[in-house]
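Visitor: Could you take me through this model, one point at a time? I may change topic as we go.

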Amino acid sequence: MAIEPLGYNDFVTLMAQARLVATDSGGIQEETTALGIPCLTMRQGTERPVTVTIGTNVIVGLDVETIAREVDAILCGRGKIGRMVEGWDGHAAERIADAIERLLAGHPPPLTAGARA
């Protein structure tokens with residue numbers, strides 16, 4: 001079924017409710033991994049290999065038999081089950097703020113500590 005383009009929040013909500021997502025988008029490969037939704041990437045490779053090695057992504061290319069086999073496996077409950085990629089837990093901003101606070105407090109001291117010429 002084809003639908004009109006969606007805004008980001010509506011699109012993520014739709015993906016979160018999907019049984020599977022087929023895409024050629026690297027960003028969608030990441031989103032589906034974060035959501036735990038099976039993803040079929042319809043091209044020969046990916047610039048986001050972690051979505052294949054750890055996540056829910058399977059590279060299927062454009063081979064109809066491969067696509068059909070993977071769709072059947074997913075719909076029968078035998079699809080790839082990924083896991084959350086380290087650091088993709090929604091707390092990156094907190095980790096960054098903590099690192100900046102430690103840096104500003106001198107723990108560890110900045111690499112540029114000392115007099116400047």
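Visitor: Is Thr 56 buried or exposed?
Guide: Thr 56 is buried, with a relative accessible area of 3%; buried means under 20%, exposed over 50%, and partly exposed in between, using a 1.4 Å probe and protein chains only. This is a predicted model, in which local features need pLDDT of at least 70, side-chain atom pairs count only at pLDDT 80 or more, and totals for chains, interfaces and linings use all residues. Residues are numbered from 1 along each chain as its sequence is written, and side-chain values use heavy atoms, leaving out hydrogens and water.

Visitor: Where does Thr 56 lie?
Guide: Thr 56 is in the loop between helix H3 (50-53) and S3. Helices (H or I, at least four residues) and strands (E, at least two) are DSSP runs, numbered from the N terminus.

Visitor: And what is Thr 56 in contact with?
Guide: Leaving aside neighbours within four places in sequence, the contacts of Thr 56 include Thr 32, Thr 33, Cys 39 and Lys 80. Contact means heavy atoms within 4.5 Å.

Visitor: Turning to the sheet, what is the strand order?
Guide: The order is S1-S2-S3, in an open sheet of three strands with parallel pairing. Two strands pair if DSSP finds at least two bridges between them. Strand S1 (21-23) and strand S3 (57-59) are the edge strands, each pairing on one side only.

Visitor: How many bridges join S1 to S2?
Guide: Three bridges join S1 to strand S2 (residues 39-41). Thr 23 of S1 stands opposite Thr 41 in S2.

Visitor: Is Thr 23 buried or exposed?
Guide: Thr 23 is buried, with a relative accessible area of 11%.

Visitor: Which strands does helix H2 lie across?
Guide: Helix H2 (residues 26-35) lies across S1, S2 and S3, and runs at about 160 degrees to S1. Axes are lines fitted to C-alpha atoms, for helices over the stretch in contact, and angles run from 0 to 180 degrees between N-to-C directions.

Visitor: At what angle do H1 and H2 cross?
Guide: The axes of helix H1 (residues 8-16) and H2 cross at roughly 55 degrees and come within 10 Å. H1 is therefore oblique to H2: angles under 35 degrees count as roughly parallel, over 145 as roughly antiparallel, 65 to 115 as roughly perpendicular and the rest as oblique.

Visitor: Which residues make that contact?
Guide: Tyr 8, Phe 11, Val 12, Met 15 and Ala 16 of H1 meet Ile 28, Glu 31, Thr 32 and Leu 35 of H2.
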